[in-house]
2 protein chains.
Amino acid sequence: MDKKYVIGVDIGGQTSKIGVVDARGNVLTQSVIRTDTHDDVKLYVKDLGAAIRLLASQVDGGIEAIRGVGIGAPNGNYYRGTIEFAPNLKWKGIVPLAELVSKEIGLPVKLTNDANAAAVGEMTYGAARGMKHFIMITLGTGVGSGIVVGGYVLYGHDGFAGELGHTIQVRNNGRLCGCGRTGCLEAYASAVGVARTAREILETTDRPTILRDIPRDSITSKDVAEAAAKGDQVSIDIFNFTGRMLGAALADFVAFSSPEAIILFGGLTKAGDLLKKPVVEAMNENLLAFWKGKIKVEFSELNESDAAILGASALAWEL
Amino acid sequence: MDKKYVIGVDIGGQTSKIGVVDARGNVLTQSVIRTDTHDDVKLYVKDLGAAIRLLASQVDGGIEAIRGVGIGAPNGNYYRGTIEFAPNLKWKGIVPLAELVSKEIGLPVKLTNDANAAAVGEMTYGAARGMKHFIMITLGTGVGSGIVVGGYVLYGHDGFAGELGHTIQVRNNGRLCGCGRTGCLEAYASAVGVARTAREILETTDRPTILRDIPRDSITSKDVAEAAAKGDQVSIDIFNFTGRMLGAALADFVAFSSPEAIILFGGLTKAGDLLKKPVVEAMNENLLAFWKGKIKVEFSELNESDAAILGASALAWEL
């Protein structure tokens, strides 16, 4: 029997998305289950198994046509197939999820964190096809990263390599980060970071901006992007600040792995050139001379609503 | 005929060291030729070929017993076997040195930069034996690095990965670096950086220190280490500052590749715990919680006078 499909599972704090994917990156069928309603991971695995069996029954060949399952999860460890101390999940400690799911459904399972899954997805179906060396940066609520070296995700000694959102960009008096330290890239170049930058400017200056029409504590990065698109100078400046912070950080990442390209993914990329232009400028200003102008910066080519499933599913082609 | 030996060549600005090495990392015989007396690289290659043939004739089996030649050179490119725009060599532009040497002596040749060669040497003969993921940091006149991922040196898309000495550690008002930018790790955590820190303290404070007995412009990192060993508090503080700057940088490097260990090599490591203690402290203070206390920091186990030859020679075992 030809194993022509894979299944991708993207586990988020509230919901888990599941899809059956073909070799071209088409999501043939998909569904969603709740993540946060199960304090006991075993009950979650039962639900997930049922959802996977149902989806598999809807495609040509059924479960026999499924090569395996790839899972993208917060704090996922590729080597061990575990989720370890994920702050936004209810399952505490170390959860051997890949093993539990594999036993439940009788298929092989690979698991990694969301950003690494996104990198594999981009390499398999997206902007990084054919690339052997690139860095994926996910700009969502937080900042994640997946580093590809020689065509393989860099997992490192313990499986947790690629925490570039937690490199320190502001050494002194940096913003408090969710990780408990200060000055992390994530505290600036994430959706939350953009909103914080907006609030800081509103609180510390008198500059006129249409952002003042929004209750200060409810301002989101989307509000800032929309205002910037309308020509609001403060909002444009916020994206300049964010982009320059990210671009300077990227220059250091290039000094590490000398990638062909850096792929940006996630909500903030909707700002388009408002973000990309200062990123590319600041990166090139900060690169060593022989890299200037040579490192591509691209946005993801994957449809955002499918991307998480695609990324996770791509892991299963290795099986 | 058993190819039981390799040859290592370490090219420096003034001299090139050449040695025949066995599989255990013993340098059986070695010699030195001048690098800087030849404006024409072809004449240098003639000299190098003669030196290699002479050394090979001194070991059991002669040239027939030599598997190949490894070369460590400034700005060496592993993929292309070239030296590219090396500021401290007389040969300008791109020099296809591996090809020239291979034609001259009729043996296969591999070439990389000095710090990558040091990493391969440490993995083959030294403190990183058996390790698959580690980072080598060379603390000499400058700061070099070799990053090993999955048992292989990370060369990146263009062969120039691993320029960690040129990650920016001080974003504003940083020291001018030899690369033309400001705030690079190399401007602080190198032998030159230690001497600069000393001069800055002497110029900007009245603190008593035996370093004031030395003409200010001739103070070296060795002077500072000797004074610190005698209990001179200013000199101890200089190593604390240097070590903390390096340790904070290492925490960011760990977030990239999650290595088992970081190996420090070069002149500054002679300061021993004066350097290592603040490095380890600052690294752990700056690491994400799950890495704290888990990343080894070790000094190189290779005899410094042999290390450059050993590192270069180790490349040739891959042939």
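The contact takes 12 residues from domain 1 of chain A and 14 residues from domain 2 of chain A, where two residues are in contact if their C-beta atoms, placed from the backbone, lie within 7 Å. On the domain 1 side, helix 3 (residues 114-125) of chain A gives the most, with 7 residues. By class, that side of domain 1 of chain A has 7 nonpolar, 2 polar and 3 charged residues. Here Ala, Val, Leu, Ile, Met, Phe, Trp, Tyr, Cys and Pro count as nonpolar, Asp, Glu, Lys and Arg as charged, and the others, Gly among them, as polar.

A word on the model and its labels. This is a predicted model, in which local features need pLDDT of at least 70, side-chain atom pairs count only at pLDDT 80 or more, and totals for chains, interfaces and linings use all residues. Residues are numbered from 1 along each chain as its sequence is written, while chains are lettered from A and ligands numbered from 1 in the order in which they are written.

Next comes the meeting of the two chains. Here 27 residues of chain A are in contact with 27 residues of chain B. On the chain A side, strand 10 (143-149) and helix 7 (233-257) are the elements that give two or more residues. Helix 7 of chain A gives the most, with 4 residues. The chain A side divides into 14 nonpolar, 9 polar and 4 charged residues. Helices (H or I, at least four residues) and strands (E, at least two) are DSSP runs, numbered from the N terminus.

Strand 1 (residues 5-11) of chain B pairs with strand 2 of chain B in the antiparallel sense over 6 bridges; two strands pair if DSSP finds at least two bridges between them. B:Ile11 has B:Ser16 of strand 2 as its bridge partner, and 3 residues lie between the two strands of this hairpin. With strand 3 (residues 27-34) of chain B, strand 2 of chain B pairs over 7 bridges, again antiparallel. In this pairing B:Gly19 stands opposite B:Gln30. These two strands also form a hairpin, with 5 residues between them, and B:Gly25 in the turn has a positive phi of about 90 degrees. Strand 2 of chain B is mostly covered, with 6 of its 7 residues buried, that is, with 20 or more other C-beta atoms within 10 Å of their own, the C-beta atoms being placed from the backbone.

Chain B also holds an open sheet of 3 strands, in the order 5-6-7 and with antiparallel pairing. Its edge strands, strand 5 (76-77) and strand 7 (94-95) of chain B, each pair on one side only. Strand 5 of chain B is joined to strand 6 (residues 82-84) of chain B by 2 bridges, and B:Gly76 has B:Ile83 as its bridge partner.

Terms used
Buried ≥ 20, exposed ≤ 12 C-beta atoms within 10 Å, placed from the backbone.
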